[in-house]
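Hello,

I am passing a structure on to you, and I hope you enjoy looking around it. Please open it first, and then read my notes below.

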Amino acid sequence: MGPEQIPAVGFVAPSGSGKTTLLRKLVPLLRQRGLRIGYLKHAHHGFALDRPGKDSYEVAAAGARQVMLVSGEHWALLSRTNERAEDHPAGLDALRARFDASSLDLLLIEGFRSAAVPKIEVFRAATGKTPLYPDDDGIVAVVSDDPLPVAPHPPVLPLSDPQALADFIGKLVRDSAVAPDDPRLALIQHLQRLRAAGDIGGLAGNASVRQGKRFWITPSGASLDALVPDDLVACALDAPLAEAASLDAPIHREVYRQQPEIGSVLHSHGPHSVAISFAGCDFEPPDLGGARLLGTVPVLRLEPDQHRDQAPARVAAALASQSICIIAGHGVYACGAKIPDAQRLTMRLELSARIAVLARAAPTR
């Protein structure tokens, strides 16, 4: 996001879900919180702000590419183009740049599903449409009064309580989490999804995302429930690690050093994944999906007093071949080119491990 652009939050949903109705209720609540609001909507069926017979319409019809209408209280600039908004050479960024950043604090965007901004989905089961959040990592919350059909899912806010949504957006703005090009934001979103799925506890696990010759990592003892981008600690790949960084920072750094293509490392304490590590052997997922995605998952055995000295090299070597491994009795380490890659492996392993635990407990005939 360039410095001239306004922080933005997108709203996505199929037609008829009530996005616009919700926004009409939301804007006054955001204004009460001191935010100056702009609004950008994608109209799928075209629109007209002028009509035949008016001077401005006739001049535009004669070939003027831009027409400005001015009154005592309003002004509007109409620009004629044969391009669709999403086909604009500069995309959504060019449209956002047309707003006056000096007079707005937040831009609400409706209808641009591929927008590279944090998005909020409005879900209503009555529409009969499948939710968008399972396939869109940019969706940071779902507004709905219905049970969500797919787990895990982002935080859910009640559709009947716009105040809760206003509070949520206000926190995004306060935390500067509406900057779409901030890798720290994406990392926190995925940690919160894992937290919601029960795969890592509020005070367990750590994660990092690489940015050039440095990486951002969660601080030591971080609580995922209250984590904001400014809490993450910057560490260089070729310099001493920051004191506030997670105790696992040496492991993350060694993975990045050995695999330049890796963009994220995730450590979690999924209970079923830890449970199967006590079997004394590498883990073979019993389910077809797990076997195909994970293969054989290495289980590393380290004595507690060996963790600091041996874990970085052992974990980095294991992840170079399998992208996921377990330290017995401790937890899971996964890596990927992007944050969702590491998250997908982590969640798949926890599901396969749960299946394995349930299968061992099932009665035999």
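This is a predicted model: local features need pLDDT of at least 70, side-chain atom pairs count only at pLDDT 80 or more; totals for chains, interfaces and linings use all residues.

Let's begin with helix α1, which covers residues 19-32. Its 14 residues span 20 Å from the first C-alpha to the last, close to the 20 Å expected at 1.5 Å a residue. Still, there is a kink of about 25° at Leu-26, shortly before the proline Pro-28. Just after α1 comes Gly-34, with a positive phi of about 85°.

Which residues of α1 are buried? They are Lys-19, Leu-22, Leu-23, Leu-26, Leu-29 and Leu-30.

Now to the charged pairs. Side chains of opposite charge can pair when their charged atoms come close. How many salt bridges does a search of the whole structure find? The search gives seven, and I will walk you through some of them.

One joins Asp-167 and Arg-33, whose closest N and O atoms are 2.5 Å apart. This pair links distant parts of the chain, since Asp-167 is in helix α4 and Arg-33 in the loop between α1 and β2, 134 residues apart. Both partners are partly exposed, Asp-167 with a relative accessible area of 42% and Arg-33 with 33%.

Another salt bridge brings together Lys-41 and Glu-110, at 3.1 Å from N to O. Because Lys-41 lies in strand β2 and Glu-110 in strand β5, the pair ties together parts that are 69 residues apart in sequence. Lys-41 is partly exposed at 43% relative accessibility, whereas Glu-110 is buried at 2%.

Further along, Asp-287 forms a salt bridge with Arg-348, with 2.4 Å between the closest N and O atoms. Asp-287 sits in the loop between α7 and α8 and Arg-348 in helix α10, so this pair ties together parts 61 residues apart in sequence. Asp-287 is buried, with a relative accessible area of 11%.

Leu-77 belongs to strand β4 (residues 75-79) and is partly exposed, with a relative accessible area of 42%.

Best wishes

Methods. Residues are numbered from 1 along each chain as its sequence is written. Side-chain values use heavy atoms; hydrogens and water are left out. Helices (H or I, at least four residues) and strands (E, at least two) are DSSP runs, numbered from the N terminus. The expected span of a helix is 1.5 Å times one less than its number of residues. The bend at a residue is the angle between axes fitted to the seven residues ending there and the seven starting there. Buried means under 20% relative accessible area, exposed over 50%, partly exposed in between (1.4 Å probe, protein chains only). A salt bridge is a side-chain nitrogen of Lys or Arg within 4 Å of a carboxyl oxygen of Asp or Glu.
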